[in-house]
Amino acid sequence: MNITLQSDFVLPAEWQPQDGVMLTWPHEHTDWKPYLDDITKTYIELTRIIAGHETVIITTPDVQQVRRKLAQSLRPDEFSRVRFYQIDSDDTWARDHGPVTLVSKGSHKGHYIPIHLLDFNFNGWGEKFPYEKDNAINLQLYYAGAFNAALENHTDFTLEGGSIESDGNGTIMTTSQCLTAPHRNQPLTQIDIDARLKIIFHTDRVIWLNHGHLEGDDTDGHIDTLVRMAPLNTLLYVKASDDPADKQNKELTLMEEELKSLKTASGTPYRLMPLPVPDPIYDGNDRLPATYANFLIINGAVICPTYRQPEKDKAAMAILQEAFPDRTITGIDATTVIRQHGSIHCLTMQFPKGTLNDNSRFNVL
């Protein structure tokens with residue numbers, strides 16, 4: 001299908017300037033309850049790191065409690081960058097229920113809002129888990145005045161933020177195993193979904209990967225656990241293990257071959273940078289989907305998940321430093337996060353520069 005672009009809007013790359021990052025705070029009515037203290041410590045540390053660089057938007061059903069914890073843990077300058085919104089949730093994966101933001105490149109003349117929030121349907125990764133409260137968060141934030149943006153209603157289409165990557169220049173990358181998985185957008189075919197993505201994201205270039213799998217992944221193959229885009233036409237990806245018995249190896253090797261065959265929009269090969277795969281981590285008999293690809297890029301820094309594997313943690317952070325030489329690489333222990341089958345990037349959703357209103361009053365009860 002030929003797609004005619006209707007505007008100059010683009011899905012920014014994550015490394016482009018940001019206003020802030022959204023977190024949906026864990027509470028006792030989520031699956032975090034058995035280790036709520038541990039995951040809360042992780043969230044406090046994540047908030048501290050992000051607030052050292054930009055605004056943090058926190059949604060929680062208990063603003064007073066979260067505000068008190070952070071006031072005790074953050075420096076005053078960090079705490080001043082945190083905004084609180086009293087909103088309930090089923091879970092905490094802001095990457096997948098948070099709004100996806102398009103930004104105008106400013107080439108069109110006329111009066112229009114240059115930032116659009118895309119509100120997609122979130123249905124618990126194909127109706128696997130409760131989702132009704134999470135699916136209502138974006139609209140509540142919008143009407144609470146959090147954003148300086150127009151809202152686009154795409155709730156007739158199921159899409160999670162972790163399932164797409166963007167280079168900021170019109171190339172979108174995704175995986176066929178996720179977007180065509182059951183209980184997402186049937187009866188749409190991959191051809192139908194491809195056309196829809198091109199219209200929604202104002203692009204004519206969507207790259208589909210057909211391989212790549214992590215044991216324990218319940219997202220059906222989110223791209224942000226496997227391959228990430230970086231500046232200078234770089235792709236950071238999870239490389240197969242050195243252990244020939246690792247069940248992930250076949251799919252990860254096939255994925256690597258796919259990446260080697262890809263070309264940029266200008267027709268040149270991508271710069272490929274493999275990330276190590278962590279040694280297997282288990283919860284009982286279940287392998288957890290630990291991955292260094294699930295890092296978060298913020299203004300001036302990259303937050304890398306670590307897994308208490310010093311050599312591999314250090315190696316992954318060194319690769320990220322090479323890919324992002326102008327940013328500080330900061331590690332954060334993600335061993336509690338992956339107990340719920342996600343990692344650092346999955347917990348967060350970034351907002352491009354200009355998206356947030358200057359609502360400092362939301363830091364006051």
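E78 touches R48, A51 and G52, leaving out residues up to four places away in sequence; contact here means heavy atoms within 4.5 Å. The model is a predicted one, in which local features need pLDDT of at least 70 and side-chain atom pairs count only at pLDDT 80 or more, while totals for chains, interfaces and linings use all residues. Residues are numbered from 1 along each chain as its sequence is written, and side-chain values use heavy atoms, with hydrogens and water left out.

**Around E78**

- E78 lies in helix α3 (residues 76-79); helices (H or I, at least four residues) and strands (E, at least two) are DSSP runs, numbered from the N terminus.
- E78 counts as buried because its relative accessibility is 3%, where buried means under 20% relative accessible area, exposed over 50% and partly exposed in between (1.4 Å probe, protein chains only).
- Between E78 and A51 there are 5.0 Å in space, C-alpha to C-alpha, although the two are 27 residues apart in sequence.
- A polar atom of the E78 side chain lies 2.9 Å from the backbone nitrogen of R75.

**Nonpolar cores**

- A nonpolar core is a set of buried Ala, Val, Leu, Ile, Met, Phe, Trp, Tyr and Cys residues joined through side-chain atoms within 4.5 Å.
- The largest has 74 residues, and L70, V227, L236 and F324 have the most contacts inside it.
- Helix α1 (residues 36-51) gives the most to this core, with seven residues.
- A second, separate core has 34 residues, including L141, F147, L179 and F351.
- In soluble globular proteins, nonpolar side chains tend to be buried together.
- Beyond its neighbours within four places in sequence, F324 is in contact with W15, A230, P231, L236, F295, I297, V302 and I329.

**Helix α8**

- In helix α8 (residues 190-200), the residues I193, D194, A195, L197, K198 and I200 are buried.
- These buried residues pack against the strands β5 (100-104), β6 (115-121), β7 (150-158), β9 (171-175) and β10 (205-209), and against helix α7 (176-179).

**Rings and charge**

- Rings of Phe, Tyr and Trp (its six-membered ring) pair if their centres lie within 6.5 Å; planes under 30 degrees apart count as stacked, over 60 as edge-to-face and the rest as tilted.
- By this rule there are twelve aromatic pairs.
- One of them joins F122 and W125 edge-to-face, with 5.0 Å centre to centre and 85° between the planes.
- F122 is buried at a relative accessible area of 2%, and W125 is buried at 5%.
- W32, Y35 and W93 are linked into a cluster by ring pairs.
- The charged end of R228 sits over the ring of F295, 4.3 Å from its centre; this requires NZ of Lys or CZ of Arg within 6 Å of the ring centre and within 35 degrees of the ring normal.

**Cysteines**

- A disulfide is a pair of cysteine sulfur atoms within 2.5 Å, and the count is zero.
- The sulfur of C304 is too far for a bond because the closest cysteine sulfur, in C346, is 13 Å away.
- For C346, the closest cysteine sulfur is in C178, at 11 Å, which is also too far for a bond.
- C304 is buried at 0% relative accessibility, and C346 is buried with a relative accessible area of 7%.

**The loop at Q309**

- Q309 is in the loop between β17 (301-306) and α10 (310-323).
- At 11% relative accessibility, Q309 counts as buried.
- Apart from neighbours within four places in sequence, Q309 is in contact with P278, D279, I281 and Y292.

Technical notes. Polar contact = N/O pair within 3.5 Å; in protein donor to acceptor, adjacent residues only side chain to side chain.
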